[in-house]
Amino acid sequence: MKINDNKKVKTLVHKKVLNNGLTVVVRPVHTVPKVSIQLWYNVGSKDEKDSERGIAHLIEHMIFKGTDRLSEADIDTISQKLSGSLNAFTSYDYTGYLFNFPSQHWQQSFDIMSDCMRNCTFKDYMLNSEMKAVIQELKMYKDKFASSLVEEMLASIFSDHPYHHPIIGYKQDLWSVDSNDLKAFYKKHYVPNNATMVVVGDVNPQEVFEQAEKYFGAIPADLSYKKDTFYFNRDIVSKSVTLYRDLKQPLAVYAFIVPGMKDQKDTALELLSRIIGKGKSSRLHKKLVNETQLAISVSASLDELFDHGLFFIAVEPKNVEDLNEIESIIIKEIESLKKDGFEDEEFDRAYKKTEMSLLSTMEDFEHQAYEIGKYYLATGNENALFEYLDKPKEELKKEMMQLLNTEFRPSIMHKGFILPLPEQEKEAWANLQQLSDKQDTEILFARERKEPIEAPMYAKQVMAKEPSRFDYPKATVHKLQNGIKILAYDNKNTPKVDLVFDFKAKHYRDPQDKQGLCLFVSKMLLEGTKNYTVQEMNDAIESHGMSIASYPGGITLTVSRDDLDFGLSILKEIVTNATFNEKDIERVRAQMLAKLKSFWDEPKYFAGQLIKEKIYKGHPYAKNSLGSIEAISAITADELKAHYKKYIAPDGARLAIVGDLNGNDVLQVVSNHLEDWTGPKIENFSFPPLEDVSPDVIDYPINRDQVVLRFAGLTVNRLHPDFDKFLLFDQIFGGGALGGMNNRLFKLREQSGLFYTIGGSLVAGADEQPGMLLVQTIVSLDRLDEAEKAIRQTIEKAANEISQEELDQAKRAVINSQVDNFSSNYNICHALLFVDRYNFPADFFDSRAQKFAKITAKETVEAVSKLLNKKLLTLRVGRVDKNITA
């Protein structure tokens, strides 16, 4: 991968193999004082025997629940105490455990991970509560229809390979699993010679190797350990799967079996995906979305499995009746590529976009560590990520054509569909759901956990250290004569630049009967100008590897450092010369209407809108930025143009520019393009006062396996004197900035297993206007009443007592997590805009620790108690209507 100029940087990852076979790979990056530590085991669900389905994933859930030395609460507590976060993941091919720590604390992860490699206890009573959470997770995935379809397609396509079985397993197998089953699998596969440690961040490689030797070196290897190999019987066959679900927007997925990651064809396949269907310049986007307008969206992606991969093409059709024609166009375009090849411009666009995508990966420690680990396990090359584009272009082109001709044949194209549930099948579907609920209740009732969560023990000995020094970036501020404020920061970490152009007018200015107008206009900004047709613009943008997106009230842009001038010229073209062509308007309208259907198909999304409509009743924040079917259908071209002229204006606009400015005079470069842009003055917006929320219970019936459950109330705005007290309490209550598990709400989950996930905040969405107290979870219908009661009690008691230790941990968590706002160009853009928005001093982030030091536990309890004593709104979305459950 090209990092700087035309020089290729080699040996970016340092590797050492310990005598016991543990591989340690380190990528030092010193941009922010954070470290991502990931321990990968070369074992996944494909390695399970028939009697073990789901065990790899279940162990992932149980691994942090205690060892012979560490109590159940120790690992979560240590992570929280040291301002860290932890997580885990299971794939068909691997299992991984990760910690993200401030750089002064990363060594602690080795102590924990080495203990967890051989000494986990897997106590049955802990398994009882976690089993319930896993069953809830299984139900949650059933409501993710696209994921369910892909899982069913894998089961059909790989009928004689372990990819046939779902990672999470089958609940009929999980019901009977006990501690001994977990230990047998764990002892067999969790050995150092089957593991790889990946460390990315602010570290010294030699110190990492020394710590690895200290903590892992004495763990014995299992020299008899051997990985199984799995046979897959290839055939000339096309398989089809159709799921019927209660939704409005259908989905079609087409799949080709392609070489797995072990065969190292990923680069060629990624480039093919960008030519075929990934991005607005791809062939299928041009044909299906722009020209024929048969589809609302199209995408192409690669499922990166080790043994055999899948190349997916996903299409959201306008009408189900068009699926045959859509399939015909897909086949025709692929056959055309095979016959005539791809144009040089197509290849160059795909290559440049891939290069820019890799640069973005370099800004994210956790993502970078994940990619290094995945590629190392698959290929044995620790630098594979950094050599992703090292093959000569002509060799890549040849490889792409070979793949097209051998793997992309119509006779072996597999198909999957999610279609609306026929009316006559709804009763049968409801009966199946009821039967599933009943079975789960009967089986899991016998797995009740009565024991309390074990208190932290070893964690008491762990002491937090002072944060490493970090110089928070400060904006260089300029202002153009037309009112645009420029916030610039020269950041040479990667050879690219990110821009966020934030306008004064936001979606809450939409007329009540024209909600979605601001979004509609923002989408039309990218649909052609006086000097570019929509396709010419898409091609120009992607040929430079640029990424551009618009949102109601702004535009974001990512360019290479050499293309900053061109990127600004595109920005000017968009804000001054958008054409609002009638044909393009109708195409975008159709897309927006389809997205509204998808939005109202997904409870976790529309539940937020239902909450806002109640919390902010009669207030502009109650408006739906997506609009409504009626409003989007009625908006005219004249209304779009009028909004564009009135609100896409320089007055009050702010442009954040962060990246490798390459010696450019930012003021001069921006002035060259935007200084002469003129527009009307935008009046300040006056918000009406808000009223207290009525503690209503709102039931929204929709046929889903689980119920989305939320509690909400009105809180304070960002400038309220008590805001920081609520922010600190967020860490204790719901995990806060770090998303940690050692908090009031997650402890309820650990004890009861009532839900797979739960989160909460006292300042959700707080800005110039008051935010919300929001608690949200997803729970099965059979445990809804129990969950609702337990959560209410947790909320009511949450602020009864806050220890000084808890408050100190919360302060450290917020301070240590602040650097995440500066981990990437894009994040820095938003941090600079944030400071400017609230007129905070330039040293806002530098001085927070001193401000937090003055906040006491007593005054935090007093402030929070007033809020938690208020009655809350309750929202339940799911089978909460007798006509659905009967």
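Strands E6 and E7 are joined by a hairpin of four residues, where helices (H or I, at least four residues) and strands (E, at least two) are DSSP runs numbered from the N terminus. This is a predicted model, in which local features need pLDDT of at least 70 and side-chain atom pairs count only at pLDDT 80 or more, while totals for chains, interfaces and linings use all residues. Residues are numbered from 1 along each chain as its sequence is written, and side-chain values use heavy atoms, with hydrogens and water left out.

E6 and strand E7 (residues 95–102) run antiparallel and share six bridges, two strands being paired if DSSP finds at least two bridges between them. Within this pairing, Asn-87 stands opposite Leu-98 in E7. Five of the six residues of E6 are buried, so this strand is largely enclosed by the rest of the structure; buried means under 20% relative accessible area, exposed over 50%, and partly exposed in between, with a 1.4 Å probe and protein chains only.

An open sheet of six strands has the order E3-E4-E8-E5-E7-E6, and its pairing is mixed. Strand E3 (14–17) and strand E6 (85–90) stand at its edges with a single partner strand each, so one side of each has no neighbour in the sheet. Neighbouring strands of this sheet are turned by 15° against each other on average, direction ignored; axes are lines fitted to C-alpha atoms, for helices over the stretch in contact, and angles run from 0 to 180 degrees between N-to-C directions. Strand E5 (residues 34–41) is joined to strand E8 (residues 195–201) by seven bridges in the antiparallel sense, and Gln-38 stands opposite Val-198 in E8.

E11 and E12 run antiparallel and are joined by eight bridges, with Leu-310 in E12 as the bridge partner of Asp-303.

## Helix H11

Helix H11 (residues 323–340) has 18 residues, which at 1.5 Å a residue should span 26 Å, and its end C-alpha atoms are 26 Å apart, in agreement with that expectation. The expected span of a helix is 1.5 Å times one less than its number of residues. Just after H11, Gly-341 takes a positive phi of about 75°.

The buried residues of H11 include Leu-323, Glu-327, Glu-333 and Lys-338. What covers the buried residues of this helix includes strand E10 (251–259), helix H9 (266–276), helix H10 (283–291), strand E12 (308–317), helix H14 (393–407) and strand E13 (414–420).

## Aromatic rings and charges

The structure holds 52 aromatic pairs; rings of Phe, Tyr and Trp (its six-membered ring) pair if their centres lie within 6.5 Å, and planes under 30 degrees apart count as stacked, over 60 as edge-to-face and the rest as tilted. Phe-470 and Tyr-472 form an edge-to-face pair, 5.0 Å centre to centre and with 90° between the planes, and both Phe-470 and Tyr-472 are buried. Phe-599 and Trp-600 also form an edge-to-face pair, 5.2 Å centre to centre and with 90° between the planes; Phe-599 counts as buried at 13% relative accessibility, whereas Trp-600 is partly exposed, with a relative accessible area of 23%.

Ring pairs also link Tyr-41, Phe-64, Tyr-97, Phe-99, Phe-101, Phe-122, Tyr-186 and Tyr-190 into a cluster. The charged end of Lys-393 sits over the ring of Tyr-351, 4.5 Å from its centre, and Lys-397 lies over the face of Phe-347, at 4.9 Å from the ring centre; a charge sits over a ring if NZ of Lys or CZ of Arg is within 6 Å of the ring centre and within 35 degrees of the ring normal.

Gln-107 lies in helix H3 (residues 107–118) and counts as buried at 19% relative accessibility. Not counting residues up to four places away in sequence, Gln-107 touches Glu-207, Gln-211 and Tyr-215.

Asn-491 has its place in the loop between strand E15 (485–490) and strand E16 (496–502), and Asn-491 is buried, with a relative accessible area of 8%. Leaving out residues up to four places away in sequence, Asn-491 touches Val-658, Gly-659, Asp-660, Asn-825 and Ile-828.

Terms used: Contact means heavy atoms within 4.5 Å.
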